[in-house]
Structure formats: C-alpha cells, structure tokens
Amino acid sequence: MGVQTPKSHLTAMGQSGLYCIVHKTTNPDSIKAFLKDLYVWALAPALPENAMRDVQWPKVTGRSYILAVGKAAAQMVAAIHDRLPDDATGLIVTRQGYAQAGFAPDSLDLVEASHPVPDATGADAARRALAVADSLEADDLLLVLMSGGASALLPAPAEGLALAEKQAITRALLHSGAPIAEMNIVRKHLSAIKGGRLAARAWPAATHMLAISDIPGDDVAMIGSGPTVADPSTCADALRIINRYAIAIPPRIRAQLGQGALETPKPDDPSMQRATAAICARPADICAAAITAVEARGYEAIMLGDALEGDAAQLGEDHAKLALQIQAEGRKAALVSGGEATVTVRNHDGRGGRCTAYLLACALALNDAPGITGFAADSDGIDGSEDNAGAYLWPGIIAAMGGADTARAQLDNNNSYTAFAAANGLLMTGPSGTNVNDLRILLIG
C-alpha cells in the first residue's frame, strides 16, 4: 500500500486553498481524516521520488555496483533507476513486505529480510555485499543507497560472534530504551560490515552513500550504522553502552572489546579516503512541510525540534502540559516535532511502539480536554513492530479506551497499541516508502 502524494499536489503545497477538510468538528472520523491528510502531506518531500530527483554521484570508467539497504531501498533505486549506467548491477535488501510493487529490474536482485531482529536472509545478503566489495577495482564504484532499518537488514556478525548471539544482543538493545545512536555504536563494533568496514573492503574502489536519514542530528556515520562511513566511536564506547544498559554479551566478545580488537576504520584510515556520503532526505524536511501545512490552515506553528529523543511517555506528558498552557492563553497553535523517542520494554508480550506510547501518555495528561487533537506516527508507516504508523488523539479518546485507569494500565504494561485499537484510534497506512523518524503534531484551538 504505502503513502502516496500526487505530484500535482506537491507543487501546490502551502497555498491557502489547498486543504478541503476544515478542522472544526467534534466527529472523530472527520478529525482523523484531517490529521491523516496532514501526515501524508508532511511526508511528501521525504519520499524518494521527490527527495532524489536531483541527487548526483561520482561517475567512474569501471563498473558500478548498487547496494540499496533499508525500508526505502526499493523505492530509492526506483527513483534513480533511469539514470544508472546501463551495465550497473546490484542488490536490494529491504524489510519483508516493503518491496515496491511492480518494480523488479533484471540487473538487481531483491531480497526481503527480517526487521528489527536480523535473520539468516539478511546475513546471506551481507556476505554477498562483502564478496562484491572484495572484487571491486580502482576504476569501480560501490553506490550505496541507505535508509532506516539497514542496521538490522544487513547483519554480518564480527568474527567469533554467531548470528543467534547477534540476534539476542539486538533484542536486548531494542528493549533497553537506548537511543538509536548508542545502539548503532554497539552494532558497529560487533559487525564485519558496519562502521566503515564495507568501504574498507571495497577500497581502492570509490564508495558513495546516498542516505535518507532516520538519525536525530543526521550523522551520516550512524545511518544504517555507516557501512561506508569512517567511524569515530571506539570499542571502549561500545563497552560503556553495553555496561550502562546491562546487555548480556559472550565473554569472548567482551574481552575483544576490552582489548580494542573489534575496532572500526577511523577517518584517517587510508582505505576510507575514497568514501563519500550525502543525505537526500531528513527529519527536518517533514517537519518543515508540516509547518507549511498547519500554517495554511491558520495555525500558529510552534516547532519543538526535529531531533527530539528521550522517554516517549515523558515526552508525551510534557507536550500535553505545553498544549494546555497554550490553550489557556487563547492561541490557535500547532505543536510540531520530530525525532525518535524510546520505550523501555518491561512487558515483552506487550503491543505498542514509541509513537503510541507518546500519544497515550499525552492523552492521559490532557484528560480529554476539549479543543486539542493530534497524531504521532512513524514516517516509515510502522510504529515499532506493529502494523500501524501511529495513532490519533481527540477529545473523548480516553473515555473510548475505557477510562483513565484502563488507559494508564495499558501504558504501564507496554500495551499502547491495544489501547488505541480499542478506541479505533490507530493510524494505518502500510509501508510509506521512506523513513525519516517520527512526526508528532498537536493542534490547539
């Protein structure tokens, strides 16, 4: 399915007569339709067909090999396919169910692997990528198209680390509440492909990464754990993170980290001198589009930041308090924010992601206050490991969940998805074709 925005609409973005749904209703269905419209419009500039229209990459006299990895991998290749050299070959590795319908170029193989926990299919794809890198020569180019989810989709466990052990470590990191940057530092040092190692294997060939950023702050070394980008982090950094979150790792791997034996290529490494990178879409893009959209409907846009991190529930509570304060001042305003909050998982059987956890905490703090609506959604169309992009908020939703006590229990038990499902408040889109973190909008007045 996915989020699709007609090109004719893109050129009209921001014009005062654009939106036909007037946000002056108490009907939940009308509110949800209006909010989903905002979500779709905000996502438009981050879709590969729009974000990659003018991207460039180095031209070489030798062969060009395309490696596209992530939730937007197929869509990124499709966006530039007609500009690739006729003899280009390659590999597309995307999440199961994220392939672009109808796009199956003969010269590129497509693999669908597991996310967020890696699997053998992804590991086989990583071995193929490393083998191709080893075969490249000085006149060749490895063009890497990177998007969110790549860290899990292209696993190559470090020597001495089994895939099953890597899977267990990944699960522990996902449940720990660690921010994505810290997770990726650990991933880099437990990998044979991440943290610049793919570029080192490809040298003396040139490597160039075109990335859609899902990293707060847009650090190219963190996107997909940076397989072609020199890594400034160290084994000692990885070990500190492992200790901070009490992540269980095999003693032999702990010893190798302590000895610096799993160090990644650094910026001054000779094998990294032909590695370049550029970002074609980032969280700031959808936040800017969201601001244009809400201002077109007469709201005062209040930008809270495009790289917010921290506990999802606490963030939701804080934003609710700010919304109530703005409402008390009589302002018609929209709170807009992006970034990637975290959830510490205590109930491993719970259902819910960071967007629904944020919005449920926000709804509880608002306590069905009239005149405040909103949504929180992951830009890739999937909130965590569920089938929803996020959820909606409107006055009366807590009552629809069965009351505050029930909603609070669901939040505390990592069951925010279940709470919104009970109220028919899930935002469903299917895979969007991009991944630039989360978008949150609260409308006041």
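Which residues in helix 8 and helix 10 meet? In this predicted model, Glu182, Ile185, Val186 and His189 of helix 8 meet Cys235, Asp237, Ala238, Ile241, Ile242 and Arg244 of helix 10.

**View 1. The packing of helix 8 against helix 10.** The axes of helix 8 and helix 10 (residues 235–244) are 9 Å apart, and the angle between the two helices is about 125 degrees. The crossing of helix 8 past helix 10 is left-handed.

**View 2. The surroundings of Glu182.** Glu182 belongs to helix 8, which spans residues 180–189. Leaving aside residues up to four places away in sequence, Glu182 touches Ile241, Arg244 and Tyr245. Is Glu182 buried or exposed? Its relative accessibility is 18%, so Glu182 counts as buried, the cut-off being under 20%.

View 3. Six strands follow one another in the order 3-2-1-4-5-6, and their pairing is parallel. Strand 3 (108–113) and strand 6 (275–281) stand at the edges; each has a single partner strand, so one side of each lacks a neighbour in the sheet. On average, neighbouring strands of this sheet are turned by 15 degrees against each other, direction ignored. Within the sheet, strand 4 (residues 141–146) and strand 5 (residues 206–212) run parallel and are joined by 6 bridges. Leu141 stands opposite Ala206 of strand 5.

View 4. Helix 5, comprising residues 120–135, lies across strand 1 (64–69), strand 2 (89–95) and strand 3. Relative to strand 3, helix 5 runs at about 145 degrees. The loop between strand 3 and helix 5 contains Pro116, and the peptide bond that joins His115 to Pro116 is cis, with omega about 10 degrees.

View 5. Trp203 and Pro204 are linked by a cis peptide bond with omega near 15 degrees. Pro204 lies in the loop between helix 9 (197–202) and strand 5.

View 6. Strand 7 pairs with strand 8 (residues 333–339) in the parallel sense over 6 bridges, and Leu308 has Gly339 of strand 8 as its bridge partner. Strand 9 (residues 372–378) and strand 10 (residues 390–393) are instead antiparallel, with 4 bridges; here Gly374 is partnered by Leu393 of strand 10. Strand 10 also pairs with strand 11 (residues 426–427), again in the antiparallel sense, over 2 bridges. Ala391 has Leu426 of strand 11 as its bridge partner.

**View 7. Two asparagines with positive phi.** Asn424 has phi near 55 degrees and is located in the loop between helix 17 (416–422) and strand 11. Asn437 has a positive phi of about 70 degrees and is located in the loop between strand 11 and strand 12 (438–444). Asn424 counts as exposed at 52% relative accessibility, whereas Asn437 is buried, with a relative accessible area of 0%. Most residues other than glycine have a negative phi.

**View 8. Confidence along the chain.** The mean pLDDT of the chain is 93, and 95% of its residues reach 70 or more. Over residues 4–23, however, the pLDDT is below 50. In the model, this stretch has 41 contacts beyond near neighbours in sequence.

Note on methods
Residues numbered from 1 in each chain as written. Predicted model: local features only at pLDDT ≥ 70, side-chain atom pairs only at ≥ 80, totals over all residues. Heavy atoms only, no water. Buried < 20%, exposed > 50% of the residue type's maximum accessible area, 1.4 Å probe, protein only. Contact = heavy atoms within 4.5 Å. Pairing = 2+ DSSP bridges. pLDDT = per-residue confidence, 0-100. Axes fitted to C-alpha atoms, helices over the stretch in contact; angles between N-to-C directions. Left-handed = near helix turned anticlockwise from the far one by under 90°.
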